[in-house]
Amino acid sequence: MIKLSTLFVSSLLTFASLNTWALGGGDFVNNGGGLAEKNVLYAYAKMENYIQTCLQSDACKLTPSQKAILQQIYIGLPLEKKSPQILFGSERATPGLFMIDGNVRVAKTGSAVGSPIYINSDLLYTKCQSGGYDPVTIPEAVAILIHEFGHHYGKYTHEELDLIGVRVSLMLQQNFISTPLIPWARSEISATVFNPDLLTSFPQVLLNVGNDVFDISRMYAEAVHCEVFTLPIPILPIPDLELITKMPAGSLFHNIHWEKIKDKGPYYNVQITGNVSNNCKYKQNVGIRNNNFQMTISFRINKIGNELKLDKSSIKLDQFKDPWWKILKLPN
Ligand SMILES: [Zn+2]
């Protein structure tokens, strides 16, 4: 194990970066690694959230014994996260490092709570049709990590833990939306949205450009609002005047698509649009789901050599009223 720790000295940088997630809001994380490594770290940072979503939902389809193991993992997370825990390595670079019971594994760990979890970066990317590589997604990373956490709580088999990880992952995938700008260049530019639940939570919204991931969840939560008093202006395209607004109790962001891409020479101006469904509370205990709005997220992508870089100061979110969307209703 001493050998291992010297091998992974460079990945300690990862931990320093990971802390920026904890601050919330928006910040670039882990600029050194690839998108798959970032997805693993993001899944790790938000693990409480993802496990809770599964434990609270019948859609997760866990058996009572699987649920008990997942609950153990959930309760143990604060202790697990007390010290740096995720370390990236490569089976190709260090043959035998990830060999367990005769098979090369995507990850390995010890048997104690807080044991480091070693991730095999070789297996985080799969070759796709275009010849490029698809990074592991956040729901897939959740499955990998749940499996490894499980080893900290008893002598469960790899297969038992795989099943629990896959259950959580499948349920998350149903609430995950990933929208690549161009389908065959999946990892280059994409937006990822996770809607944890219908009524009381706000979506996690991530922008991926090149190898950078930018978390704009807080910007989203600050941008959405419920109308309290609006002065209608009957002339299109002038928007109604929203004189008084308030924060919703929860919000969904869905039906997301890329709307505008303008090549401006040294940079691109891009825009994503999606439907916003807010849980607006006007009287005590009376929630009204408000589906009148859409949200645009616009930003600039700088071209630097062969690389694309998101200009984080350019990100703008705007909730606006869309009369076409008014006719649809979601349950309160
Ligand atoms: Zn295992």
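Reader: Why does C280 count as buried?

Author: Keep in mind that this is a predicted model. C280 has 0% relative accessibility, and buried means under 20%, so C280 counts as buried.

Reader: And what makes C226 buried?

Author: Its relative accessible area is 0%. The cut-off is under 20%, so C226 is buried too.

Reader: How do you know that C226 and C280 form a disulfide?

Author: Their sulfurs sit 2.1 Å apart. A pair of cysteine sulfur atoms within 2.5 Å is called a disulfide, so C226 and C280 qualify. The angle about the S-S bond is -95°, a left-handed link. This pair ties together distant parts of the chain, with C226 in strand β12 and C280 in strand β15, 54 residues apart.

Reader: What makes C54 and C60 a disulfide?

Author: Here the S to S distance is 1.9 Å. With the limit at 2.5 Å, the pair C54 and C60 therefore counts as a disulfide. The link of C54 and C60 is left-handed, at -105° about the S-S bond, and both cysteines are buried. A search of the whole structure turns up two disulfides, and in sequence order the bonded cysteines pair 1-2, 3-4.

Conventions
Residues numbered from 1 in each chain as written. Predicted model: local features only at pLDDT ≥ 70, side-chain atom pairs only at ≥ 80, totals over all residues. Heavy atoms only, no water. Buried < 20%, exposed > 50% of the residue type's maximum accessible area, 1.4 Å probe, protein only. Helix = DSSP H or I, 4+ residues; strand = E, 2+ residues; numbered from the N terminus.
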